[in-house]
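This briefing covers surface, aromatic contacts and disulfides, in that order. Please read it alongside the sequence and the model.

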Amino acid sequence: MRLMLPVELILCVSLTPVCSAVLPLVINTWPFQDATATAWSTLSSGGSALDAVEKGCAQCEILQCDGSVGYGGSPDETGETTLDAMIMNGDTMEVGAVGDLRRIKNAIGVARAVMERTKHTFLVGESASVFAENMGFPVEDLSTNHSLDIFTKWLKDSCQPNYRQNVSPDPSKSCGPYKPHTMLQQRRRHQLIDIHAHDTIGMIVINQPCGDSPIAGAGAYADSTAGGAAATGDGDIMMRFLPSYLAVEQMRAGVDPPTACRTAITRIKKHFPHFFGAIVCANTTGSYGAACNKLPGFSQFPFMVFNQKSNVPVKEMVDCV
C-alpha cells in the first residue's frame, strides 16, 4: 500500500499494512474534501495507493487549495511562486522530492518522477525544473494576478514578510537589500502567524494488503511495518525536529496514532511554544489521529478522513495541545 502527502509543499508516503482494520484509508491535513475524494476514487478504481496520493494531491494543486497550495501561491522575494513536493514509498523506503521548483505546476508528479526515474532523492531549483522539462512536464507560468497582487502589496507596505531576522532594509529604499542589524533584535514569530500561509497538503493513503517541508522525516515519513505521518505548518521550525519520523517511530513502538501525533507536537512545543504546526498519523491497521499546537485564535485543527466505514469524505477536528 502507499502513503502520501502535499503542495506548494506536497508530501507522500506509501506502505503495506500488516493487518486490516478499517482499510483502505485516506487521511489528509486541512478540510480539502475534493483532494480526499479524488484519492479515494483513484483507489476504488484499481489505482495503487501511490497513484491515489499523487492524484489527490494533484487535485489540490489544480484547485489551489486554500489559496496557498500550488501555482499562484505565496510568491518569493522576487515575486515568483515556486513549489515543493515530496513522495515516499514505505515499502521500499524510496523518496522523491523537489524544492524551489519553477515553471512546473504538477510538483507532486515531478517528485514521483524523481523517485522512479532517477537515483536521486532530492532535486532543487533549476536542476529540478530542467529535469521536469526533460521528463515532458509542460512549462507554465506559476504566477497569477492574486500572487502578483500579494507581491505588490508587500512592496507598497515597505517589505515582504521574508522571515529574516537581525537584518534591516536599505534605508534609502522601500524594501531591501537586507544587511545585518547593528543592534540584534529577535523577531517574535508568534506575532506573525497566519494559518493560511502553510502552503501544504499532507495526505496518507493506506491500501488493502496486496501480495511529506519536502524533507523526509520532517514533512512526511512512512514505513510499511509501522505507519505514516504528514505534517503542515511552520516548516522552518518543524524540520529541526523530524516530527513525522518521530511519530512513525512512536507507532512502531506500539503507541496509538493520536498519542504519537501529540508526542511529536509536544517535542517541538518545548523549544518553540508559539510555533504553528499540526500533524496527522495513521498506522498499518487503519487507525489514525492528529495533533496541533494551540495558539491564540487557533485551538482546533481540521483534517479529512475517507474509509469504508464512512464511505464519504468526513471532516474531523482535533483539539490542539
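F122, V124, I215, M239, L242 and Y245 make a nonpolar surface patch of about 460 Å². The model is a predicted one. Its chain has 321 residues, of which 52% are buried, and contains 8 helices and 15 strands.

**Surface**

- One of the patch residues, F122, is found in strand β6, which covers residues 122-124.
- F122 has a relative accessibility of 36%, so the residue counts as partly exposed; the class lies between the cut-offs of 20% for buried and 50% for exposed.
- The accessible surface of the chain comes to about 13,900 Å². Carbon and sulfur atoms account for 52% of that surface.

**Aromatic contacts**

- The structure holds 7 aromatic pairs, including the pair of F276 and F298. The ring centres of F276 and F298 are 5.2 Å apart and the ring planes stand at 80°, so this pair is edge-to-face; the cut-off for that class is over 60 degrees.
- F276 lies in the loop between α8 (257-269) and β12 (277-283), while F298 lies in the loop between β13 (288-292) and β14 (300-307). The pair therefore ties together parts of the chain that are 22 residues apart in sequence.
- F276 is buried because its relative accessibility is 8%, and F298 is buried because its relative accessibility is 6%. Buried here means under 20%.
- Another edge-to-face pair is Y288 with F303, where the ring centres are 6.4 Å apart and the planes are at 75°.
- Y288 belongs to strand β13 and F303 to strand β14, so this contact ties together parts that are 15 residues apart in sequence.
- Are Y288 and F303 buried or partly exposed? Y288 is partly exposed, with a relative accessible area of 24%, whereas F303 is buried, with 4%.
- K105 lies over the face of the Y71 ring, at 4.0 Å from the ring centre.

**Disulfides**

- A disulfide is a covalent bond between the sulfur atoms of two cysteines. The count for this model is 3 disulfides.
- When the bonded cysteines of the chain are numbered in sequence order, the pairing reads 1-2, 3-4, 5-6.

*C60 and C65*

- C60 is joined to C65, with an S to S distance of 2.1 Å.
- The torsion about this S-S bond is about -100°, so the disulfide of C60 and C65 is left-handed.
- C60 is buried at 0% relative accessibility, and C65 is buried with a relative accessible area of 9%.

*C261 and C281*

- The sulfur atoms of C261 and C281 are 2.2 Å apart and form a disulfide.
- What is the handedness of the link between C261 and C281? The link is right-handed, with 135° about the S-S bond.
- C261 sits in helix α8 and C281 in strand β12, and the bond links these distant parts of the chain, 20 residues apart.
- Relative accessibility is 0% for C261, so C261 counts as buried. C281 is buried as well, at 0%.

*C292 and C320*

- The disulfide between C292 and C320 has an S to S distance of 1.8 Å.
- With a torsion of about -100° about the S-S bond, the disulfide of C292 and C320 is left-handed.
- Where do C292 and C320 lie in the chain? C292 is in strand β13, and C320 is in the segment after β15 (314-319). The pair links distant parts of the chain, 28 residues apart.
- Both C292 and C320 are buried.

**A further buried cysteine**

- C57 has a relative accessibility of 0%, so C57 counts as buried.

Definitions and conventions: Residues numbered from 1 in each chain as written. Predicted model: local features only at pLDDT ≥ 70, side-chain atom pairs only at ≥ 80, totals over all residues. Heavy atoms only, no water. Phe/Tyr/Trp six-rings, centres within 6.5 Å; stacked < 30°, edge-to-face > 60°. Helix = DSSP H or I, 4+ residues; strand = E, 2+ residues; numbered from the N terminus. Buried < 20%, exposed > 50% of the residue type's maximum accessible area, 1.4 Å probe, protein only. Lys NZ or Arg CZ within 6 Å of the ring centre and 35° of its normal. Disulfide = S-S within 2.5 Å. Areas by Shrake-Rupley, 256 points an atom, 1.4 Å probe, with all protein chains shown as cover. Patch = residues over 30% accessible without salt bridge, like charges linked within 9 Å, V, L, I, M, F, W, Y side chains within 5 Å. Salt bridge = Lys/Arg side-chain N within 4 Å of Asp/Glu carboxyl O.
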